[in-house]
Amino acid sequence: MTVSYHKKPVVQNVSFTLGEGRLIGLLGPNGAGKSTLLKAMLGLVPTLSGQVHIYGKTYTEQRKRIGYVPQRESVDWDFPTHALDVVLMGTYGRLGWFRRPGKREKETAMECLRQVGMADYADRQISQLSGGQQQRIFLARALAQQADLYLMDEPFAGVDATTEKAIITLLEQLKQQGKTVLVVHHDLSTVASYFDDVLLLNRELIAAGPVSETFTAETLQRAYGGKITFLQHNDQGGMIIAGK
């Protein structure tokens, strides 16, 4: 796949296959094209070349099987709606154009809120929630989609330690259910403990595969260049990373 803005490629000749039932970290420096790649997979931005197949079919054919969590900064949190209404939006794809959410959908939405620890905030206006709470609401909306593949754009950004722990616990649960989760992630120190596989991107695909094989000093230097200032292996075999 190649994606360009104003005739300038921002994602170029990227090809990969995601393994089913895996947690996958999408890593790379700022401006590497990570968010653009997710949006292109979802048909939200046009591609210059290439195709996306999800479970052997196009995104349009598999729309109901895909959940998306955008960057929190891209959402208008002043829009006058409540947490439960946002989560209910996740059920729309399975309802079709002419059905409105009913009792079953509201029960599903409330269960998703409970899973992310936000059931007590169902009637809270979204602008009154903290950043971490807003992120949990968007995760609950994705859960309500009952998807098989989840694409998450920086779900850990700007959240406190408690919320981060809750999010990774939820992602592990999705994995145990056989779901596949692709996560744009920035904190290199948590990659080995959070993910099964990584995609290292810097406009082009640097490396893809299991963390143990792909998340190495060599591939990180290729992806980040001078932004990685110190790399070494500690006594336990893990990597210590210091960056600018």
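This note goes through the strands, a helix, an aromatic pair and a pocket of a predicted model.

1. Six strands build an open sheet with mixed pairing, and their order across it is β4-β5-β6-β3-β7-β8. The strands at the edges are β4, residues 66–69, and β8, residues 204–210, each of which pairs on one side only. Direction ignored, neighbouring strands in this sheet are turned by 15° against each other on average.

2. Within that sheet, strand β5 (residues 149–153) and strand β6 (residues 180–184) run parallel and are joined by five bridges. A residue to look for here is L151, which stands opposite L182 in β6. When you follow a strand by eye, keep in mind that in a regular strand the side chains alternate between the two faces of the sheet.

3. Strands β7 and β8 pair in the antiparallel sense, over six bridges, and L199 has A208 in β8 as its bridge partner. The two strands form a hairpin with one residue between them, and R203 in the turn has a positive phi of about 70°.

4. Another hairpin is made by β1 and β2. Here strand β1 (residues 3–5) runs antiparallel to strand β2 (residues 8–11), with three bridges joining them, and Y5 stands opposite K8 in β2. Two residues lie between the strands of this hairpin, and H6 takes a positive phi near 55°.

5. Which strands does helix α1 lie across? Helix α1, residues 34–41, lies across β3 (23–27), β4, β5, β6 and β7 (197–202), and the helix runs at about 145° to β5.

6. A search of the whole structure for aromatic pairs finds two.

7. The last point concerns empty space. Rolling a probe the size of a water molecule over the atoms shows where such space is left. The second largest pocket has a volume of about 450 Å³, and of the 19 residues that line this pocket, F16, T17, L18, V52 and H53 are the closest to its centre. What kinds of residue make up the lining of the second largest pocket? The lining divides into 10 nonpolar residues, eight polar and one charged.

Key
Residues numbered from 1 in each chain as written. Predicted model: local features only at pLDDT ≥ 70, side-chain atom pairs only at ≥ 80, totals over all residues. Heavy atoms only, no water. 1 Å grid on protein atoms, 1.4 Å probe; cavity = no way out; pocket = protein on both sides within 12 Å on 5 of 7 lines; lining within 4 Å. Points joined across faces, edges and corners; volume = space filled by probe spheres on them. Nonpolar A, V, L, I, M, F, W, Y, C, P; charged D, E, K, R; others polar. Pairing = 2+ DSSP bridges. Helix = DSSP H or I, 4+ residues; strand = E, 2+ residues; numbered from the N terminus. Axes fitted to C-alpha atoms, helices over the stretch in contact; angles between N-to-C directions. Contact = heavy atoms within 4.5 Å. Phe/Tyr/Trp six-rings, centres within 6.5 Å; stacked < 30°, edge-to-face > 60°.
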